[in-house]
Amino acid sequence: MVMKKLKELSFFESLLEDPKNHLVEKAIEQGRIAIGYNCYVVPEPLISAGKVFPVWMRAPGITSTPQADYYLSSVICSYAKSILEYGLDGEYDFIGALIFAASCDHIRRSGQHFHLLNLNDDDDKFFTYVLDTPHKVNEAGIHWLINDMKKAVDKLNENYNANINEDTLRESIKELNKFNRLMKSIGDMRKGDRPKITGTEFHKVYGASKVAPKDMLIEPLKRLRAELEARESDITDETRLMVVGPNIDNPEFIQLIENQNAIVVADRFCFGSLPGMELIDEEGDPYYNIVKHYLETCQCSRMMEKGKERIEYCSNIAKEYNAEGIVFETMKFCDLWGYEGLTYVDGIKAHNIPIVRIEREYSLTGEGQFRTRIQAFVESIKNKKELSVLNKI
Amino acid sequence: MEVSKELNINKKTSVFRIIRNNYVNYRYWRKNWFCMNMMALTAPKTIFKGMFKYTWLYDLLKSNIMVDLYTNKRSGPNYDKVHMHLSFTIKSFSDMYKNALKNPDKVVIIQNMVPPQILHAMGLTSVVPEVAAVVLPKIDQFAGVRYLDAAESKGLPGDTCGLPRLTAGIALKKEVPIGSCIISSNLPCDGGLASYEVIQESIGNIPIYRLNVPYDFRNDESIDTYVEDLKGMIEFLEKNTDGKMNWDKLREVCRNYNKMVEIELERWELAKAEVPPVSNDALWFPHYFAFNVAVANKRLVKHHSKLLKMDKKAYKKGKICFEGMRYRTVMWNPPPSVYGHIWNWLERCWGVGSVMDLETYGVMEYVDTSTPDTMLKGLGRAYMWATMSKHTRGPAENMIGDLLRAVEEYKPDFVIYPAHMGCKNSMSLEALMKEECKKRKVPFCVFRYDLVDSRVTTRQQMREQINKFMIDVMKAEPLDSSLLTIDDTGEGHW
């Protein structure tokens, strides 16, 4: 699969090279405050209101984590360790605050170390805050999280005069909806028989939107969409795959899958777009709307009452995007996704969707093994397809 | 501080002690068999059928082997207390499983750390699947292997915590007793939370209620939220079982619970003494059982009162918890289940007594029994602040801060940190705990292990790590050098 290179794509690619990319630098120069976050359940509108903007914590190009190994031990997931390693190396000195959620044991401990090791301590205003996101959705939990979010907002207003209030939150929701409509119009291009955008390209574009202020991306995104609309698709017989699992923020993973005569048409992983492009209710209490939206749409295995819903969600997405198989990737040492596999794999098979389970690290190690597994999976789907055609004859 | 430097054990005492201890051992051996036989005799058909379905029941029959491992050649007040408590536990478990098998309609499967008091007040029987996972490896280090293999062959990574992994394995082999519904929670960790999806599916998708404990439970708002959740649980139970909430019964349980708290606090105080009358599993096991698994009834209060009486008697006589105690320590992580009797070895090989441990040290507060709300609030607090939830789920300051408080209060010669490789929450704080102890000039002994699988780290490998620390850091001589290396990699009895 060789598609004509998109001119606008290099702009998005450049944003993923370094945590402090040129748009982040520009925003900071304008007096805006970068807020580090690392989970879907930290609501983006909350940290996009007023003077603040969100930056998804990543560690692009990291190869080893010696310092984080010492503090977090060798049995913690490599994503949690990698962002701490970058924190210890000073790569995140530019963030004004780190707001993370009590998403999982690993992320909690990693975030706590930013505080315990006094990282960014030179900046008097810097703080870390753990959002106490419940593991289930009910009214009591929604109100609990609203109160917690308000405490985080108070801290941001107090330390940075961030101007976050109900009005700016409403505005932030509107802006995000507008952005997501635009993003979805690009994401939907993956649904057709001949997608005009590859999974790798989309992942780069979507990923860039998580690491830079969204308002600075609207125009480039519009130009990209125009370019895509005029683009001819070269995709013919590639096997259409969906990728499911925890965090992937390195497009090389998707590229590796697509190099095996496949195309990734749907992405249900942290840092992916499903869920991620749904619209938030703009009427009524913005806090309530935000919390309800993120708790209800979250499809992470941390949500303890949604196991069966996750299987249904993925099987519906697979149908909607016409995916022929699912790559279920789990991060080594991740307990939540490790357990998820016990019920998820059988659940997906029951929907007659082929699935392969692959364990990986945050950085692209074990590339050969990963490639071989995908190759074999793609071949098995193709063989089955050919066999069913022959049977019909 | 070498507490028993002056201790002299003369030979006459030793001979008398051997005869006495053998008699005590025989008495409990007989009692334990009696309890297990009674379980079978009161419901012979059910138990007989159950043995085919729940194969771990066979392993429970080997309980007296575990008692031997725990008590063999031990001395002092700890010996009697451990015997007494193990016997009490065997009887309690026999009763629990007997009731569960006889009255399956009344059974509710509850996760470890769900308050069983509430179910008891509703006239329901609770079965905690994790109990089998804790007990089996203690009885026989390989008894859990078939369940671990079942979970791993289904795709569960071997690096997850062994406790929920073994429990999931029991469920996958369809050996969790059937109940009418399940109550689980997000405690104590991600593994515990996630394992109930597979447990529910394996036992036929019966209704489940999931309790959500807030991350930071140090304020009143979090307790109020949890109380609302507990009310939701009661409503769920009334809808899905024959149980009805009886607040008077709950009041009675809470009053008993308060008595238990009183006893426990006294025991903690006694453990602080320069010549401690209680330590190791004589302190750890009763707490673990009473505050994690059991419902506080009169029998439990009576049992603990007896333990306290024995502690006090020893204290008054200036009798140390075991002969030859040279070092006091604080054990800051769960002891390995596959080497449940490590206390025995620590006492006899190195003279080490743990006067406080992570699973015991927590918040002991009385439950206000004046209204239903105050009772739920009190129980809610007790479970939110219970050891595993407090240290593994809450902010890092809980685990580190409590360790430093325990060090301050119990003045250990060193801290012993069993590094359970599946516990991400504690492993990720090891470095900081070590650094804090170093600042206070308290040596920090780390030994790595897998909680329920001795194929990962054998018992001898655990011992070697401790031996190295004792020789290199503490510059200690073993009390009995024949115990430095023991061949118990098989099911050997030492």
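The model is predicted.

In chain A, four strands form an open sheet with parallel pairing. Their order is 2-1-3-4. Strand 2 (52-56) and strand 4 (127-131) of chain A lie at the edges, and each pairs on one side only. On average, neighbouring strands of this sheet are turned by 30° against each other, direction ignored. Strand 1 (residues 33-37) of chain A runs parallel to strand 2 of chain A, and five bridges join the two. Within this pairing, G36(A) stands opposite V55(A).

Chain B gives 53 residues to the contact with chain A, and chain A gives 43 residues. The area buried between the chains is about 4100 Å². Carbon and sulfur atoms give 56% of this area. D190(B), Y215(B) and K424(B) supply 17% of the area that chain B buries against chain A, more than any other three residues.

Polar features also link the chains. Between chain B and chain A there are 27 residue pairs in polar contact, both residues at pLDDT 80 or more. Helix 10 of chain B gives nine residues to the side that touches chain A, the largest share. The salt bridges between the chains number six. K332(A) and D159(B) meet through their side chains in a salt bridge (3.6 Å, N to O).

D335(A) lies in helix 13 (residues 335-350) of chain A. D335(A) counts as buried because its relative accessibility is 3%, under the 20% cut-off. Among the residues that D335(A) touches are H106(A), T160(B), D190(B) and K424(B).

Terms used: Residues are numbered from 1 along each chain as its sequence is written. Chains are lettered from A and ligands numbered from 1 in the order in which they are written. This is a predicted model: local features need pLDDT of at least 70, side-chain atom pairs count only at pLDDT 80 or more; totals for chains, interfaces and linings use all residues. Side-chain values use heavy atoms; hydrogens and water are left out. Buried means under 20% relative accessible area, exposed over 50%, partly exposed in between (1.4 Å probe, protein chains only). Contact means heavy atoms within 4.5 Å. Two strands pair if DSSP finds at least two bridges between them. Axes are lines fitted to C-alpha atoms, for helices over the stretch in contact, and angles run from 0 to 180 degrees between N-to-C directions. Buried area is the accessible area (1.4 Å probe) that two parts lose on being put together, summed over both. A salt bridge is a side-chain nitrogen of Lys or Arg within 4 Å of a carboxyl oxygen of Asp or Glu. A polar contact is a pair of N or O atoms within 3.5 Å; within protein, one must be able to donate a hydrogen and the other to accept it, and residues adjacent in sequence count only if both atoms are side-chain atoms. Lists of a residue's contacts leave out its neighbours within four places in sequence.
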